[in-house]
Amino acid sequence: MNKIYTLSYPGSIIFGNHCSELLPEKLKGFSRILLVTGNHFKNSDQYAKIVDSLADFTLSTISGIHAEVPLEDVDRVVLAAKEFQAQAIVAIGGGSVMDCAKAAAALAVLDHHQRSAPHRRRGAACQQSAAAQRFQIPF
């Protein structure tokens with residue numbers, strides 16, 4: 001039986017100067033937050049400030065997202081989100097980080113997600129979690 005999936009846009013994409021200040025308010029109602037970022041940003045003072053501002057949440061961070069996101073990066077984030085039982089995914093960084101987090105949020109809610117499945121190579125889209133929130137924070 002063939003199934004058709006739909007990738008919907010996330011609940012929120014916020015970008016602009018100082019938008020990270022909105023994170024605690026926008027994440028109300030969630031407790032387990034997965035942060036997705038690149039290695040460069042993870043080692044910055046701005047990252048430390050964001051983590052400090054989210055002290056009321058249980059956080060996990062995954063970094064090292066590559067440019068032109070390989071499927072293996074998406075799989076790593078999906079696995080991290082499932083193992084951590086993330087209620088929201090927050091991506092902080094540039095386009096590759098955003099793309100990876102959006103794809104992972106869509107796939108993480110599927111019980112039958114298979115790593116590097118051939119149908120994903122053809123660009124099949126899957127249903128998005130209503131709880132997933134993404135924020136683009138330029139640096």
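A residue is called buried when its relative accessible area is under 20%, exposed when over 50%, and partly exposed in between, using a 1.4 Å probe and protein chains only. The model shown is predicted, so local features need pLDDT of at least 70 and side-chain atom pairs count only at pLDDT 80 or more, while totals for chains, interfaces and linings use all residues. Residues are numbered from 1 along each chain as its sequence is written, and side-chain values use heavy atoms, with hydrogens and water left out.

**View 1. D73 in helix 4.** Helix 4 spans residues 71-84 and includes D73; helices (H or I, at least four residues) and strands (E, at least two) are DSSP runs numbered from the N terminus. Because its relative accessibility is 4%, D73 counts as buried. Leaving aside residues up to four places away in sequence, D73 touches G64, I65, H66 and C100, where contact means heavy atoms within 4.5 Å.

View 2. Three strands form an open sheet in the order 3-2-4, with parallel pairing; two strands pair if DSSP finds at least two bridges between them. The edge strands, each pairing on one side only, are strand 3 (58-62) and strand 4. Strand 2 (residues 32-37) pairs with strand 4 over 5 bridges, and T37 stands opposite I92 in strand 4. Strand 2 also pairs with strand 3 over 5 bridges, and I33 stands opposite L59 in strand 3.

**View 3. Strand 4 and its two faces.** In strand 4 (residues 88-92), 5 of the 5 residues are buried, so this strand is largely enclosed by the rest of the structure. A88, V90 and I92 cover one side, and I89 and A91 the other, all of them buried.
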